[in-house]
Amino acid sequence: MSDEQKYSPGVKKYIKEAEKFLDQKKKALERTKNFKFDTIAVHGLYTVEEALNLNQGAVIEPLYLSTAQAYRDSDELEAALSYLIPTWCYSRFANPTTYYLEWALALLEGYQTGCDTSCLVTASGMSALMLAVDCFLVKQTNGPEKINFVSSIQIYGGTFQHFSVRKMQERGIEVRWVHHPEDLEEWESKIDENTRFLFSEAPSNPQLSFCDVKALADLAHSWDIPFIIDSTCATPALMRPFAYGADIVIHSLTKSITASGLAMGGALVSRKPIVTKIKNDHPLFKESFAEYVKFLPFRDTGPAASPTNALFALNDLRTLRSRMDLLSQNSEKVAGFLEQHPRVYQVDYLGQESFLYHPLAKKYMKLVDSDDGKGHEINRYGHLFSFRVDGPPQNARKVFDGFNLIMRAGDLGRIKSIATIPAISTHLQQGEEARANADVPPQMIRLCVGAEDPDDIIADLDQSLNSL
Ligand SMILES: *Cc1c(COP(=O)(O)O)cnc(C)c1O
């Protein structure tokens, strides 16, 4: 019996109705894909028809706090719970508000990359990361005992802990660290047939290291494995890794994307299809990885974003491009000031020509839909950087404690300027040796510049540095 015959006339009626709806969605998607970045960011897939027909004309995407959807009858319930029609039966794995955010992110990350994409929004960046990597660390029938993956060591402190403790110590999965993510030969030397994926962060937090995105994607693909990249600090306004072959992009939405600092969130975005040699019978695994994760592992583990958080993220996302432009320009000005300051012995900013990772950042970080007058996009380097204060670590603490305007917090990506000392905060847990390996000395202050007038930030830094 074919699937078609199996269903009762009542269920079939709902499938037919859904086809009409899906057709409309498809048309909306095609239309939206032709819009510019800012237009997609402002509207996403929330169309006029959707507002009028489904949401009482609400101009802004409504916040659906309800945990579940009610159905008209048993036939609709059956169709929905068999995934035969679009539904959001239960908020742990689908919610209309979160869905608008997922589509906006999928479209922005896929913008002008030539790739179709899908996206899953999660409760936090860490849960998006966990869900993405876990799918490739599964046991395979007749597979090897020992598996590994290769990762840059210059990554977010939480990701380092996740890899070194949760994966290596607790599960015996070997993490092969790459110390110089810009060095392709180092990556090559760490891969073998039991390597499940390559992972990097670009730009990395807080070291601002970079990698050759295209070269790493090509290298991964030559081994039939995916390249997973965390580009939280770039955001799709400054870099879209799918254009260079990356398979999966991870974001902490908690950072620059939700710059207001009002919500936590994460996103797993994937291209269609991804490269992998993992055997998984589910057709979506390769074809639409983010959707696969959403319908299966995510459903079964539960790190769902709260719809309120999704709406905050969606709201901030609308102005992402212009905001990243402004914040990058402010950072350039502040970094320029610090470079000249006699109490500062090192400034690490991607926009600085002398910085080790500048050439790679210059190649990849460009403000989307900008024009330098000669038909090229303008480089913008984000709003994260670090500087190192002369003398013993106490000096850095003194400067840090002297800020009047800049907030002292482990946070970043905000509309407000925020600073931290990574060695005693974000990178505390990993220990001195790992910090030395990752080049996070106690003299380093990480600064993420906000949307204040940069002259006021400079004045705050100046008074504090001069108090030494
Ligand atoms: C903060 C951060 C994460 C983790 O995201 P959460 O939303 O805090 O869970 C992952 N990667 C990078 C680069 C980050 O800065």
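Predicted model: local features only at pLDDT ≥ 70, side-chain atom pairs only at ≥ 80, totals over all residues.
**Entry 1: two helix pairs**

Helix α7 covers residues 125-134, and helix α8 covers residues 157-171. I found their axes 11 Å apart, at an angle of about 40°. That angle makes α7 oblique to α8. I then looked up the hand of the crossing. α7 passes α8 in a right-handed way.

Next I turned to helix α2, residues 9-33, and helix α6, residues 96-110. How do their axes cross, and within what distance do they come? The axes cross at roughly 40° and come within 11 Å. The crossing of α2 and α6 is right-handed.

I checked the backbone next. Most peptide bonds are trans, and most residues other than glycine have a negative phi. I therefore looked for exceptions to that pattern.

Which kind of peptide bond joins Asn205 and Pro206, cis or trans? I found a cis bond there, with omega about 10°. Pro206 sits in the loop between β4 (195-201) and α10 (213-222).

I noted another cis bond from Lys272 to Pro273. Its omega is near -10°. Pro273 belongs to the loop between β7 (266-271) and α12 (283-287).

Then I looked at phi. Gln112 is not a glycine, yet its phi is positive, near 55°. I located Gln112 in the loop between α6 and β1 (117-122).

**Entry 2: around the ligand**

I moved on to the ligand. How many residues surround the ligand? I counted 13. The closest are Gly125, Asp230, Ser252, Thr254 and Lys255. The shell divides into 3 nonpolar, 7 polar and 3 charged residues.

Asp230 has a polar side-chain atom 2.6 Å from a nitrogen atom of the ligand. For Ser252, an N or O atom of the side chain is 2.8 Å from an oxygen atom of the ligand. For Thr254, a side-chain N or O atom lies 2.6 Å from a ligand oxygen atom.

On its own, the ligand has 390 Å² of accessible area. The protein covers 94% of that area.

Technical notes: Residues numbered from 1 in each chain as written. Heavy atoms only, no water. Near = heavy atom within 4 Å. Polar contact = N/O pair within 3.5 Å; in protein donor to acceptor, adjacent residues only side chain to side chain. Areas by Shrake-Rupley, 256 points an atom, 1.4 Å probe, with all protein chains shown as cover. Nonpolar A, V, L, I, M, F, W, Y, C, P; charged D, E, K, R; others polar. Axes fitted to C-alpha atoms, helices over the stretch in contact; angles between N-to-C directions. Helix = DSSP H or I, 4+ residues; strand = E, 2+ residues; numbered from the N terminus. Left-handed = near helix turned anticlockwise from the far one by under 90°. Parallel < 35°, antiparallel > 145°, perpendicular 65-115°, else oblique.
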